[in-house]
Amino acid sequence: MVERIGEKRKHKAQGSGIKNYNPLSPYLMLLPATCGLALFVVYPLVYLFRASFTNRSLLKPTAKFVGLENYIELFHSVEFLSVIKNSILYAFLFVSFSIIFALLFAVWLNRPGRIWSFAQSAIFIPYIVSFVTISLVWLWLMDPQVGLLNTLLGAFGVSYPWLSDTKSVIPSLVLVSVWKYVGYYMLLLIAALQNIPRDIYEAVKIDGARARTVFFRITLPLITPSLFFILVVSTTEALRIFDPINIMTQGGPINASSVFVYFIYEYAFKYFRIGYASAAGVILFLIIGVLVGIYFNMLGKRVHYQ
Amino acid sequence: MRGNKSMNIGSKRGAIIINALLLAITIAIFIFPFFWILSNSLKTYDETMQFPPQLLPKTPIFANYKAALDSMPFLLYLKNSIVVVALTLICQFLVIVPAAFAFSLYSFRGKGLLLTLVLFGFMLPQQLTFVPIYLLFGKLKLLNSYSPLVLPFAASSFGIFLLRQYFMGIPTEIIEAGYLDGMNNRQIMMYIMMPMAKSALFSIALVSFITRWNDYFWPLVMTNTQKVRTLPIGIAALRITDGKTEWNVLMAANMLLIVPILAAFSVAHRQIKEALIHSGIK
Amino acid sequence: MRKLGIIILALLATAGPQLFAQTSAKPIAIDFWYSMGGANGALIQSMVKDFNDANKDIIVTATYQGNYYDTSAKIQAAVASNTTPHISMIVDMHNAMFADAGVLENLEPFMKRDKVDINDFIPGLLDWSYYNGKVVALPFNRSTPLFYFNKDQLKAAGLNENGPQTWEELRTYARKLTKKGERWGFSCPIDIWFYLGMVFQNGGEVLSPDGKHSGFNNEIGTKPIYFWREMIDEGIMKLPPGKEYNSWDVAMQDFLNGKVSMIMTSTGYLYGILDSAKGKFNVGTGFLPKSKQYGTPTGGANIAILSGKPAKETEAAWKFVKYMTDTPQVINFSQKSGYMPSRKSAVSSASMQSFFKEKPQFKTAIDQLYEAAKRRPCHPNYPELDKIIMDEIQRTTIDRSYTPEQAMKAIDAAIQRLF
């Protein structure tokens, strides 16, 4: 029953069941949402798009059209290329680890009982706390000299540079983000697991299947809708990350953790170059759009619905 | 789920012990940072600076909480946070529900286009959209009211999407049954589908509550006066640049932000679990 | 005739008060944006309240707008949407950009009329006040880097309690004070602020005399980096991790914990450090050590009036700015917050002089400001250059294969592009 974006509803022979409706109804029902989208999604997007072709400064009432200059400058900028690399690396690590851990936790903790329930709640709590708060705490914990993490590691004779080294900064940021979001994804997966009808497992047990095969051949495919949802949401979330970088690293050391939104914010408001920043924003939008498009068109096919 | 039948008693006990250990470590990893915030909120400044870091304060002090409360118009901010969340939830309900019905049940021209626009909502960060939206509200002279803090979030892409998925998962037989009972379209939507969607709605409300409550950036840039500002701004003000930040007071302030939402969560946590289970992305 | 005169007088007598009442009707509402939280934010609010109490015809509303950069972002959005405040704190580096766009009111006519003497302001703090011949902002909360040291540790190592005066002395002191595994002699965030200080100490300027090239694309610019590198390699200098304010926080923490004997950090931390070190150790302060001369950059924010408001409101805004930058308020603000007093008359006042006796460390900072403050170029593109220099010097410290000479070249190229 899944709908592919842009495709007309061709496959459902009997429709959704709803009959005899005033053809205006759907439009009326969508009116508030359309207004909202027009004002707060389409309008900013158009503004962004237009600004990206100018040398716009918010301080001057008019701006000069500069064509593709901003884009050309972006692609020649070592910093921006670094931004693209960092953002994609961060997103890839974040999405992979959060889905893997969410799945592990979901399967492990999906049992009745107070202790399991408590564990689920514990893992979920970071999700409800502000990312600003979380960034502040982890900034502290990750201090290479006085932070608790290295003090603990010190007991084993090791130490890790965490946020202070160009190579470890992105993994450290991923650690914090995964820590924050995994609980929510885990709960979604637990919900999906619990929605699998028991009889499927009963039938398989009779056939004498091994646990691993059951998991990969039966459980996993049945939770693909949730996995897909998490994939989309986590990817878009990861590519739009801002707070931890703003608080913990300010893009450093040496732009090793500069990601799209931070770069855009800096150039727009510290260096007053809204046109340039908008061009970067358009590129970000396109990257996310392409990824989401890929998800829906390629992976959407592999999502199983009951 | 994973069959233990093939293991013997000895390794079963071993498995239990390992399981318990892993569980304890996992729970610790997720709870510890909050314990750290709490602990530091009760320390003196010197204790927070101590090296090696001490787990607990020598004697807990509550002065930090008083300092945090004094540093901002706490009750005003708290009220605004609550009002913004409540208004957002109401507006979202009014916008998302009909939209989700339209997307899931009806066929109409422009459906794909509108759906794509909904998806666009996932692709724009606040730091980018705030300028044009600020200009918009400036022109409408609505800055410094609740409008800019609520309206932009009414057409929540997340909500529309989730609810649409949910409605699409309701079997057509149920709708047919409604017709057989002599109901019209409106009645089917309101009396059959809506009650079934309670948990999906709850799920959406939960996410909205969390994101609106914790949002620092948007209220900061959309408001120029105290009047409608929310809690996170009061806390951000305690992080000093070009000077000493009083980490103990800052942690106390963060506790002030966390406690209400934690309280709400612990009261509702069973419902939340239920909601997430039943809202299942079918 | 006389009767008419009496009637007119009578009319005036009854109508007169009403005429007066109309001119002093509603107080003029003025908005003031500032970027300080915590105790300093509270201080500003109390100063605003004092002003409002003393000036019943004006009511100033001061609102916190986030940190320096959030505030600048908001001012930009406000300009574009015509919702600017009357007055705002503007971080030093951004004054040129706003001035260049013409959104800052020229304060010179006001100052001339009200006899506010620009020469009473400390010259080193006026680097962001002039643009195109106009006075666009006045110094408000300004700071400089300062050299802090642990007097007790220096004494125990047999070193001069006044701290090192030159770079070489800094090196020898750091050597003597370092106890491997326990304590570093010196720590300093690799931050453009301190680096520029060292460039100034080496006799350099940011720009060449013609303003188009780097003023330190030579040994003047590379020597500080080699100096730092050598000390780091020798194990006598600690590199605080992190960037900008995060690393400054760490440097201060280490100093307070006795893990580092000498640090360079902002005067903004002075009060915090003095407070926390009380009872633990004696804090000494000194000029940043000199190479060829003493030199220090400045930082912090100015206060400016935004243009485009009705004359009456601009007048009221000026009254407030005049008040906040007037000597008594400068004294009060400086003493309570630890920011540099912006006026000479404030420094030489009796209140300040006796304050110095209690807090000699503060006096050191001001002496340095007088003697060694150097200006950074007041140019709209300076902020971007600031970041590039920061990236370059950080790179030379983290990536040893990247030479300081390469960094200097890159900086010169950037200056040519931006200025």
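This report walks through a pocket, a pair of domains and a chain-to-chain contact in a predicted model.

## The second largest pocket

Let's start with some empty space. Rolling a probe the size of a water molecule over the atoms shows where such space is left. Here, the second largest pocket holds about 950 Å³. Its lining is made up of 32 residues. If you want to find its centre, look for Val78(A), Glu79(A) and Asn255(A), along with Asp391(C) and Glu392(C), which are the lining residues nearest to that point.

From chain A, helix 2 (69–76), helix 3 (78–109) and helix 7 (169–194) each give at least two lining residues, and so do helix 17 (382–398) and helix 18 (404–418) of chain C. Helix 17 of chain C gives the largest share, with seven residues. Sorted by class, the lining has 14 nonpolar residues, 12 charged ones and six polar ones.

## Chain B and its two domains

Now over to chain B, which splits into domain 1, covering 2–64, and domain 2, covering 72–237.

## Where chain B meets chain A

Chain B and chain A each put 99 residues into their contact. Together they bury about 9200 Å², and 77% of that area comes from carbon and sulfur atoms. On the chain B side, Phe30(B), Met123(B) and Leu128(B) supply 8% of the area that chain B buries against chain A, which is more than any other three residues.

And how many salt bridges are there between chain B and chain A? The count is zero.

Terms used
Residues numbered from 1 in each chain as written. Chains lettered and ligands numbered in written order. Predicted model: local features only at pLDDT ≥ 70, side-chain atom pairs only at ≥ 80, totals over all residues. Heavy atoms only, no water. 1 Å grid on protein atoms, 1.4 Å probe; cavity = no way out; pocket = protein on both sides within 12 Å on 5 of 7 lines; lining within 4 Å. Points joined across faces, edges and corners; volume = space filled by probe spheres on them. Helix = DSSP H or I, 4+ residues; strand = E, 2+ residues; numbered from the N terminus. Nonpolar A, V, L, I, M, F, W, Y, C, P; charged D, E, K, R; others polar. Domains from an automatic or database assignment. Contact = heavy atoms within 4.5 Å. Buried area = accessible area lost by both parts, 1.4 Å probe. Salt bridge = Lys/Arg side-chain N within 4 Å of Asp/Glu carboxyl O.
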